[in-house]
Each structure stands twice: as C-alpha cells, then as structure tokens.
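Hello,

Here is the structure I promised to send over. Have a look at it first, and my notes on what turned up follow below.

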Amino acid sequence: IFDGAVRRGKKWDEFKEAHADRTIITQSQKQQAAFMFNAYENNKQAIALTTDGIPEETLAIELDGVKVKVRCDYRQGNVISDVKTTFYGVSKEEVVNTCIKYDYDLSAALYVDAFTEHTGIPHEFYFIFLNKKEPMGCEVYKASQQFIENGRRKYKEGLRLLKEARKLEYIMKKEKSKKSTYQKPVYSKFEVKQMIGRLRTLMKDRNHSEFAHYEKMLARYESI
C-alpha cells in the first residue's frame, strides 16, 4: 500500500521498484475496496451466488462456426454470476443504463450460450453490481430472457461479421499470392524485333484487327 499523496516523483519510483512483483494500491483504494466488500457481505443473495462454485472459469468453444473463449466471474451449477463495479449507481434504472452503455447483454448471452452448449444444460445469468462511490451498495439482478435474446442477436451478428471479414481477408491474401507468383513471359530480342516490325507495318492501318493485340503485347512484356 503506497501512502504517498501522488503516484509520481522519487518516493513513488522507489516504492514501485521495491515492490515490482506486487500490485500497488493507495490508502484511498484500500478504503474503497473495504467499503465495497462490506456492501457485498451484507447482501445475502450475492454471497449465495458466489459460494460452492467455480471462480473465473475459462471455456473455449465454437459457436456458429467461430472459436470463442469466455471467462465468467463465477459459475455455480447452471448459474453464472458476473461481478460489476460502477460509478453510476446500483439502482435498477442506473444498472439498465449501464448495461445499455457497455453492451452487457451481449456478454451475458455469449456466456449463457457457451456454457449451455458445453454442458447441454440451460444456464441463467446474474449481475452483482457494486457501487464505487457513496453511498456504497451491492445489488443483484437476474438477466431476463428478453435481455439475453437481445444480447444474442448482437453477438451472433458480431460473429457473422467476423466470418465475413475472415473470408474477405482469405480472398485478398489468395489474390495477393497469385500476383506475387505471377511472372511476365520473357521474349527474346529476336521475337521483340519481329513484333516491332509487324507493329510498324500495322501502324499504317490502325483499324487492322492485329494492331491492338501487338500494341498490348509490347506494352506488357519485357524483353531480355
């Protein structure tokens, strides 16, 4: 815990160097964390949702033909809980606005579908919101089916666009590879002289069917 007034200057540099292998926080951050933890401990539902389960569980799976990786804060059976800290308050109206602002419905739907696909068991999703400012508070909200459906539309559209982008990237790389391996036909000086002679003859009649052909040939190919 750094007890300095600001995180800069000689005192801060020396402290940071001496504790390079640790996460450094200030006194005010320690106090804020203590208040938030106290609010969490006073919410029985939040405690129940984060007991006897798996914390920070990571899952790699394929959805809609795209490999995805998710990591939920806590999973207890078929219930996923996501802890969110906020400066915007934890009332229902404030939480709804926060979810809209940060697309929390997308991540909720992605987590639910990923673990449902993996386990074969339908999952539910809960948010545990902790306020970072006074008044400190902790509230739990269950994601509704409509909330999940809205998020599902978002992530599925995202995966569709990702597949389109990857397909386009593949096509562009393939075309680039074709161009990089293409070599112009190389003609001998004798063959070039023949074409030049023929072109001079055809210059008298630009409407001749062979004129455009030879003109393009000379412009396109290199001689040795």
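**Strands and aromatic rings**

Strand β3 (residues 79–86) and β4 run parallel and are joined by eight bridges. Please keep in mind that this is a predicted model. One of the pairings to look at is Asp82, whose bridge partner in β4 is Phe127.

On to the next neighbour: β4 is also joined to strand β5 (residues 138–142), by five bridges, and these two run antiparallel. A hairpin of six residues connects β4 to β5, and Phe127 stands opposite Tyr141 in β5. Strand β4 itself (residues 124–131) is mostly covered, with seven of its eight residues buried.

Now for the rings. Searching the whole structure gives 10 aromatic pairs. In one of them, the centres of Phe2 and Phe15 are 5.3 Å apart and the planes meet at 55°, so the pair is tilted. Phe2 sits in the segment before α1 (10–18) and Phe15 in helix α1, so this pair ties together parts that are 13 residues apart in sequence. Phe2 counts as buried, at 2% relative accessibility.

Phe127 and Phe129 make a tilted pair too, 5.7 Å centre to centre with 50° between the planes. Phe127 is buried at a relative accessible area of 3%, and Phe129 is buried at 1%. Both belong to a cluster linked by ring pairs, together with Tyr102, Tyr104, Tyr111, Phe125 and Phe147. Lys84 lies over the face of Tyr104, 4.1 Å from the ring centre.

Best wishes

Terms used
Residues are numbered from 1 along each chain as its sequence is written. This is a predicted model: local features need pLDDT of at least 70, side-chain atom pairs count only at pLDDT 80 or more; totals for chains, interfaces and linings use all residues. Side-chain values use heavy atoms; hydrogens and water are left out. Rings of Phe, Tyr and Trp (its six-membered ring) pair if their centres lie within 6.5 Å; planes under 30 degrees apart count as stacked, over 60 as edge-to-face and the rest as tilted. Helices (H or I, at least four residues) and strands (E, at least two) are DSSP runs, numbered from the N terminus. Buried means under 20% relative accessible area, exposed over 50%, partly exposed in between (1.4 Å probe, protein chains only). A charge sits over a ring if NZ of Lys or CZ of Arg is within 6 Å of the ring centre and within 35 degrees of the ring normal. Two strands pair if DSSP finds at least two bridges between them.
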